[in-house]
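Walk through this structure with the coordinates open beside you. We begin with aromatic rings, then turn to the fold, the cores and the charged pairs.

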Amino acid sequence: MNLAPSNLIGLVVFTFLLAAGQLLFKTAGLAVRGLPARDAFLALAHVPAFYAAILLYAASTFLWVWLLSRVTLMQAYPWVSLGMIIVPLLSALIFGERVTAIYWP
């Protein structure tokens, strides 16, 4: 897989934008934990992490489309999968979640 440096950098940035977005969504979820669905939905309007996550996802969507105009989906998609490794490891570090052996099939 021979990628131009700008495309490689873009894919790395994309992967970390998605991971950061997931961590921010988790932060928002923790802020509304225990609330009934209606109250949680309304409470999200006051959670900055929720808005930050949405902005990161919007930015990553535009970046993804730009990247797909430059590389094949076969070259780009493994970077999405890399997020499946990064997010659990960061969630263990940041939120103290346990990542057990059963997660890694």
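A search of the whole structure finds five aromatic pairs. Here rings of Phe, Tyr and Trp (its six-membered ring) pair if their centres lie within 6.5 Å; planes under 30 degrees apart count as stacked, over 60 as edge-to-face and the rest as tilted. Take Phe14 and Trp64, one of these pairs. Their ring centres lie 4.6 Å apart and their planes meet at 25°, so the pair is stacked. The two residues come from distant parts of the chain, 50 residues apart: Phe14 sits in helix 1 (residues 5-31) and Trp64 in helix 3 (residues 48-68). Phe14 is buried, at 4% relative accessibility. Trp64 is buried as well, at 16%. Buried means under 20% relative accessible area, exposed over 50%, and partly exposed in between (1.4 Å probe, protein chains only).

Now move to Phe25 and Tyr57. Their ring centres are 5.3 Å apart and the planes stand at 75°, so this pair is edge-to-face. Phe25 lies in helix 1 and Tyr57 in helix 3, so the pair ties together parts that are 32 residues apart in sequence. Phe25 is partly exposed, with a relative accessible area of 27%. Tyr57 is partly exposed too, at 26%. Both belong to one aromatic cluster, formed by Phe25, Phe50, Tyr51 and Tyr57.

Some ground rules apply. This is a predicted model, in which local features need pLDDT of at least 70 and side-chain atom pairs count only at pLDDT 80 or more, while totals for chains, interfaces and linings use all residues. Residues are numbered from 1 along each chain as its sequence is written, and side-chain values use heavy atoms, with hydrogens and water left out.

Step back to the fold. The protein has four helices and zero strands. Helices (H or I, at least four residues) and strands (E, at least two) are DSSP runs, numbered from the N terminus. The C-alpha trace spans about 50 × 35 × 20 Å along its principal axes. Of the 105 residues, 29% count as buried. Contacts (heavy atoms within 4.5 Å) also show how the chain comes together. Among those with a separation of 6 or more, 69% join residues 24 or more positions apart.

What makes up the largest nonpolar core? It holds eleven residues: Leu3, Leu11, Phe14, Leu17, Leu18, Leu63, Trp64, Leu67, Val71, Ala76 and Trp79. Such a core is a set of buried Ala, Val, Leu, Ile, Met, Phe, Trp, Tyr and Cys residues joined through side-chain atoms within 4.5 Å. Helix 1, helix 3 and helix 4 (73-95) each give two or more residues to this core. Helix 1 supplies the largest share, four residues. Val71 touches Leu3, Asn7 and Ala76, not counting residues up to four places away in sequence. A second, separate core has six residues, including Ala28, Val32, Ala40 and Ala49.

Finish with charge. The whole structure has two salt bridges, each a side-chain nitrogen of Lys or Arg within 4 Å of a carboxyl oxygen of Asp or Glu. Lys26 and Glu97 form one of them, at 3.2 Å from N to O. Lys26 is in helix 1 and Glu97 is in the segment after helix 4, 71 residues apart. Lys26 is partly exposed at 33%, and Glu97 is partly exposed at 31%. Arg38 forms a salt bridge with Asp39, with the closest N and O atoms 3.6 Å apart. Arg38 is exposed, at 62%, whereas Asp39 is partly exposed, at 33%.
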